[in-house]
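Here is a short walk through one protein model, taken piece by piece. Have a look at the picture, then read on.

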Amino acid sequence: MKTEIFGMPLHRLQTALAELGLKKFRAKQIFDWLYQKCVFDFAQMSNLGKAERQLLQDCFSVLPAEIQIVRKMDSSDGLTRKALLELPDGNAIETVLMHHDYGYSVCVSSQVGCDMHCAFCASGLNGAVRNLTVAEILAQLYVFQAQLHLQNERVSRVVVMGSGEPMLNFDAVFGALQFLHQPDVGNIGYRNMTVSTCGIIPGIKKMQGLGLPVNLAISLHAVRNELRSELMPVNKGYPFPDVIAAAEEYAASSGRQVTYEYILLADKNDSDRDAELLAEYLRYKQAGVNLIPVNPVPEKGFFRPAEKRIERFLSILQRHRLHATVRREMGKDINAACGQLRAAFAKDNESKKQ
Ligand code: SF4
């Protein structure tokens with residue numbers, strides 16, 4: 001069986017090469033090919049000897065070369081590209097590339113599926129299948145980086161906000177972010193990385209313990225206890241006021257403002273009272289609010305609030321001097337709720353097996 005070297009630290013790669021009788025400096029050359037030039041095929045690594053390339057090919061695998069892009073969808077405004085990636089074991093994950101004024105960001109998944117069962121999310125429909133590895137998290141970014149490299153562009157931000165709960169795959173998520181941060185890999189500053197959680201408090205505390213200025217986002221979505229438990233069952237184990245307190249501690253220790261994501265669901269959580277309550281909970285906190293009008297899911301009774309309602313909700317938050325915005329609706333035409341592409345892929349595969 002071949003050893004996976006994508007995401008392997010330099011010192012470990014040096015040791016692995018030495019065991020094959022290769023010179024240590026080859027590791028740096030391979031790093032350069034993989035992470036700077038986005039070349040994932042040993043045969044193309046032209047500054048290595050022919051016999052060395054063959055040996056590497058026989059012993060090692062490079063994950064991005066083994067990932068299939070099953071589906072690609074571009075938004076009509078050209079700013080968002082969504083890809084459904086098939087991993088070597090047949091599981092599929094979604095990854096999104098977004099083009100902002102300040103550069104490119106990639107939204108990566110942390111797990112195949114998710115165990116959190118949020119009512120509005122397709123990723124949580126059938127639970128988590130497994131955690132993703134460091135290599136699989138990194139490879140999601142490099143699938144896009146390889147395309148951008150051809151245009152002399154690069155990914156400069158990463159958000160862990162795709163399918164899965166990052167705090168339940170903590171070591172791989174933060175391992176991937178720390179790897180990406182290295183100048184000879186992604187050279188992405190921690191301030192340009194965001195991890196989004198539905199509110200797993202031990203994970204927030206562990207993140208604080210790392211002492212990295214990574215941004216924290218909390219999927220809040222409701223500030224009435226019963227409603228939040230209905231929308232997000234995680235609320236029963238980690239009630240949202242405790243989550244906000246943990247996030248505030250994180251903000252104080254990291255110096256980073258916390259972003260609260262709030263999906264606006266018509267006639268569920270979009271009343272004036274909800275906005276007032278939200279403002280009350282977050283007042284005097286180092287917090288920003290990102291309002292996200294829902295993509296309608298009629299079978300679940302989720303509808304997008306009218307424009308006037310969205311404006312009204314926003315204005316109440318702003319009146320309380322909260323920094324709040326309505327999410328720029330990038331790629332709305334391809335933005336079927338997160339996880340739906342994968343859900344369709346899994347269903348397809350199931351029916352093929354029958
Ligand atoms: S919203 Fe996030 S935490 Fe909730 S089920 Fe979906 S992927 Fe999991």
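## How helix pairs are described

Two packed helices are described by the angle between their axes and the distance between the axes. The axes themselves are lines fitted to C-alpha atoms, for helices over the stretch in contact. Keep in mind that what you're looking at is a predicted model.

## Helices α5 and α6

Let's start with α5, which covers residues 134-149, and α6, which covers residues 170-181. Their axes sit 8 Å apart, and the helices pack at an angle of about 50 degrees. That angle makes α5 oblique to α6, and the crossing of the two is right-handed.

Who's touching whom here? From α5 you get V134, I137, L138, L141 and Y142, and they meet A172, V173, G175, A176, F179 and L180 of α6. Sort the residues of this contact by type and you find ten nonpolar, one polar and no charged.

## Helices α6 and α7

Now follow α6 to its contact with α7. This pair packs at an angle of about 35 degrees, and the axes are 12 Å apart. Here too, the crossing is right-handed. On the α6 side the contact uses F170, D171 and F174, while α7 brings in G203, K206, M207 and L210.

## The ten-stranded sheet

Both of those strands belong to an open sheet of ten strands with mixed pairing, in the order β3-β4-β5-β6-β9-β10-β11-β12-β13-β14. Which strands stand at the edges? They are β3 (68-74) and β14 (323-326), and since each has a single partner strand, one side of each is left without a neighbour in the sheet. On average, neighbouring strands are turned by 20 degrees against each other, direction ignored.

Zoom in on the β3 end and you'll see β3 paired with β4 (residues 80-86) in the antiparallel sense, over six bridges. Within that pairing, I69 stands opposite L85 in β4.

## Around the ligand

Finally, what surrounds the ligand? The shell consists of C114, M116, H117, C118, C121, S123, G124, S163 and G164. By type, these shell residues divide into four nonpolar and five polar, with no charged residues.

Notes: Residues are numbered from 1 along each chain as its sequence is written. This is a predicted model: local features need pLDDT of at least 70, side-chain atom pairs count only at pLDDT 80 or more; totals for chains, interfaces and linings use all residues. Side-chain values use heavy atoms; hydrogens and water are left out. Two strands pair if DSSP finds at least two bridges between them. Helices (H or I, at least four residues) and strands (E, at least two) are DSSP runs, numbered from the N terminus. Axes are lines fitted to C-alpha atoms, for helices over the stretch in contact, and angles run from 0 to 180 degrees between N-to-C directions. A residue is near a molecule or strand if one of its heavy atoms lies within 4 Å of it. Ala, Val, Leu, Ile, Met, Phe, Trp, Tyr, Cys and Pro count as nonpolar, Asp, Glu, Lys and Arg as charged, and the others, Gly among them, as polar. Angles under 35 degrees count as roughly parallel, over 145 as roughly antiparallel, 65 to 115 as roughly perpendicular and the rest as oblique. A crossing is left-handed if the near helix is turned anticlockwise from the far one by less than a right angle, and right-handed if clockwise. Contact means heavy atoms within 4.5 Å.
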